[in-house]
Amino acid sequence: MATKKIPMRMCTACREMKPKAQLIRIVKTPEGEIKPDVTGKLNGRGAYICKDKQCFERAKKSNALAKAFSMQVLPEVYERLSKELENFE
């Protein structure tokens, strides 16, 4: 019997491949809104960040989400993500 393959995703901040379950998905909806996707099922382009404050700060500093989504990411989005990150700690 084959073991189930664990889906891997790359953190946009540290660029490390990690199991999808260890990361937070951030999605750019078809309407252009950027928000955390706790279910992992929202429609749109996804980017992942480790559930780690340091990775979040690195992503914020390097503008990793703006690069991943090819658009400007507003400071409010980072504030919302920061609050979301606190729920995981």
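Student: Which residues does I49 touch, and what makes them contacts?
Tutor: I49 touches C11, T12, L23, I24, I26, C55, F56, A59 and L65, not counting residues up to four places away in sequence. Contact means heavy atoms within 4.5 Å.

Student: What should I know about the model itself?
Tutor: This is a predicted model: local features need pLDDT of at least 70, side-chain atom pairs count only at pLDDT 80 or more, and totals for chains, interfaces and linings use all residues. Residues are numbered from 1 along each chain as its sequence is written, and side-chain values use heavy atoms, with hydrogens and water left out.

Student: What makes a group of residues a nonpolar core?
Tutor: The residues must be buried Ala, Val, Leu, Ile, Met, Phe, Trp, Tyr or Cys, joined through side-chain atoms within 4.5 Å. The largest such core here has 23 residues. C11, I26, I49, C55, L65 and V73 have the most contacts inside it. At least two core residues come from each of strand 3 (23-28), strand 5 (45-50), helix 1 (53-62), helix 2 (64-69) and helix 3 (75-88). In soluble globular proteins, nonpolar side chains tend to be buried together.

Student: How are helices and strands assigned?
Tutor: They are DSSP runs, numbered from the N terminus: helices are H or I with at least four residues, strands are E with at least two. The protein has three helices and five strands. Their order from the N terminus is β-β-β-β-β-α-α-α.

Student: Why is P30 called exposed?
Tutor: Set its value against the cut-offs: buried is under 20% relative accessible area, exposed over 50%, partly exposed in between (1.4 Å probe, protein chains only). P30 has 66% relative accessibility, so P30 counts as exposed. P30 lies in the loop between strand 3 and strand 4 (34-37). P30 touches N43 and G44, not counting residues up to four places away in sequence.

Student: Why does M8 count as partly exposed?
Tutor: M8 has 37% relative accessibility, so M8 is partly exposed. M8 is in strand 1 (residues 8-10).

Student: How do you know that the radius of gyration agrees with a compact globule?
Tutor: The radius is taken over C-alpha atoms, and the globule rule is 2.2 Å times the number of residues to the power 0.38. With 89 residues, the rule gives a value near 12 Å; the protein has 13 Å, so the value agrees.
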